[in-house]
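Below are some comments for a colleague who will be working with this model. They are set out as numbered points.

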Amino acid sequence: MLKNIFTYLPLTLLLCSCSKPQPTTYNYRLFTFGTEVTTSIYTDDKDLADAGFEAIKTRFNTLNKQLHPWTPGELHSLNVACSKLKTIKISPFLQMMIKEGQHFHTMSEGLFDPAVGSLVKLWKFDNAANIHTSIPESSEIEKIQINRPSITQVKIKNDTATCINDLVRLDFGGFAKGYATEEAIGILEKMGMHDAIVNAGGDLTAIGSKGDTPWNIGIRNPFADGAIASIKTSVKTNIFTSGNYERFFEKDGKTFHHIIDPKTGYPSTETASVTVIHESGMLADAAATAIMIAGSNRWKEIAQKMGINKVMLVTSDKKIFITTQMDSLVTILDDELSKVIEDL
Ligand code: ADP
Ligand code: MG
C-alpha cells in the first residue's frame, strides 16, 4: 500500500504543476466612442481578466452616454441648453472636462477647440455610419464662422454652465479617449492587473509587459494597410495618434477628414497623421489633434506651447518630422519615407 502511494506521488505532483495556468494575453473587443476598443491583458488569471474587461465595458458605456454630444446624456443636455443660452447644472466630471478643454484651447492657441461641434455636425462627421460625401455650402460654414463658437464661451459658476454663444456645441471627441483609456488602465491596476493595453482605435494606454517581452505597439500607416512605425513599451505609456484616415471622404481628388481647423471651418490639410506620447492621456490626445491642424510649419511651436516633446508628424507627401525624444522610442518600418529629426 505504502509503495503504491510513493509510486503515484510524483505523477500526481507532475499533473498538478501541468494544470497551473501559464500567463497569456487575453484580448477583448468592444464598440464604443464610435470606434473599436481592444483590451489586452497579460495574466495567468482568466477570471480576473474577464472581470477587468467587464468593469471597463461598464465604465466605457457610462462615459460614452455621458459624453455623447448628440444622443441623450449629460453633454447632449448641455448642448441643448447652449442652443437656448440657458444655464444648466452639470456634474463635477463635466466641469472638469470643460476646464481641461479650455486649458488645452489656450495651450494650443485655439487650434484645439471642443466647441467645434456645430462644424463637425455641418460636415456630417458626427456619425461614423453616415459619413457625408459632399462639401457643405460655404455660406453655411460662414454662418458659423461669423460668430465663431469657442470653448471660452462656456462659463462655469458653482455647479452650473452657461454658454454665451448659441452656436456652441461641445464635442469631446478630440480628447475623451485620452481620459477613458487612462481611467480604464487605472481600473485594471486597482483590480491587481499590471500588464495591459487599452486601445481605442489607435489611441492607447499601456502598462507593464508580457513577462520579459515588452508590448510592441504598431502605429497605423496612413498610406497603406499595416504599420508605419512601432514602439516597444514596458512602462506606463500613453500613445495617441490622430489621422486623416479615421473619418473622411474624398471629393475632387482631395481628402476631407474629421479634424477641423476652428479658424477656417474646414478640415485641416497637409498632415496625414500625428502621434504623441505624454504622461497625461488627455493632453496627448488633445495635442495629437491640435498638431494635425498646426501642420509641418507650426508643429514644433504648438508642441512646445502644449508641453509636448515626443511627437511624430507624417505629412501627406510622405515626410516624417520627429523629435529626438520620440525618435529614440520609435522604429520606422517604411523605408520610403524621408525622416527629419528635430530637437525640441
Ligand atoms: P480620433 O478620434 O480619430 O482619434 P482625434 O483625437 O483627433 O481623432 O479627434 C477627432 C475628433 O475631435 C473629431 O471627430 C471631432 O469630434 C473632434 N474635433 C474635430 N476638430 C477638433 C478641434 N479642432 N479641436 C478639438 N476637437 C476637434
Ligand atoms: Mg485627439
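1. In this predicted model, Ile 88 stands opposite Ala 161, a residue of β5. The two strands concerned, β3 and β5 (residues 160-163), run antiparallel and are joined by 3 bridges. They belong to an open sheet of 3 strands, in which the order is β3-β5-β4 and the pairing is antiparallel. Its edge strands are β3 (87-89) and β4 (154-157), each of which pairs on one side only, and from one strand to the next the twist averages 25°.

2. Is Asn 221 buried or exposed? With a relative accessible area of 7%, Asn 221 falls under the 20% cut-off and is therefore buried. Its side chain reaches the backbone nitrogen of Phe 223 at 2.8 Å. Once neighbours within four places in sequence are left aside, the residues in contact with Asn 221 are Gly 226, Ala 227, Ile 228 and Asp 334.

3. Ser 273, a residue of strand β13 (residues 271-277), has a relative accessibility of 1%, and because this is under 20% it counts as buried. Not counting residues up to four places away in sequence, Ser 273 touches a set of residues that includes Pro 222, Thr 241, Ser 242, Gly 243 and Tyr 245, and also Met 292, Met 312, Leu 313 and Val 314. Between the C-alpha atoms of Ser 273 and Ile 291, which are 18 residues apart along the chain, the separation is 9.1 Å.

4. On open space, the largest pocket has a volume of about 870 Å³. Its lining comprises 39 residues, of which Asp 171, Gly 173, Gly 174, Arg 247 and His 258 are the closest to its centre. Which elements give two or more residues to the lining of the largest pocket? They are α2 (46-67), α7 (176-190), β10 (237-243) and α8 (281-305).

5. The residues that line the largest cavity are Asp 113, Ala 115, Val 116, Leu 119, Gln 145, Arg 148, Pro 149 and Pro 262.

Notes: Residues numbered from 1 in each chain as written. Chains lettered and ligands numbered in written order. Predicted model: local features only at pLDDT ≥ 70, side-chain atom pairs only at ≥ 80, totals over all residues. Heavy atoms only, no water. Pairing = 2+ DSSP bridges. Helix = DSSP H or I, 4+ residues; strand = E, 2+ residues; numbered from the N terminus. Axes fitted to C-alpha atoms, helices over the stretch in contact; angles between N-to-C directions. Buried < 20%, exposed > 50% of the residue type's maximum accessible area, 1.4 Å probe, protein only. Polar contact = N/O pair within 3.5 Å; in protein donor to acceptor, adjacent residues only side chain to side chain. Contact = heavy atoms within 4.5 Å. 1 Å grid on protein atoms, 1.4 Å probe; cavity = no way out; pocket = protein on both sides within 12 Å on 5 of 7 lines; lining within 4 Å. Points joined across faces, edges and corners; volume = space filled by probe spheres on them.
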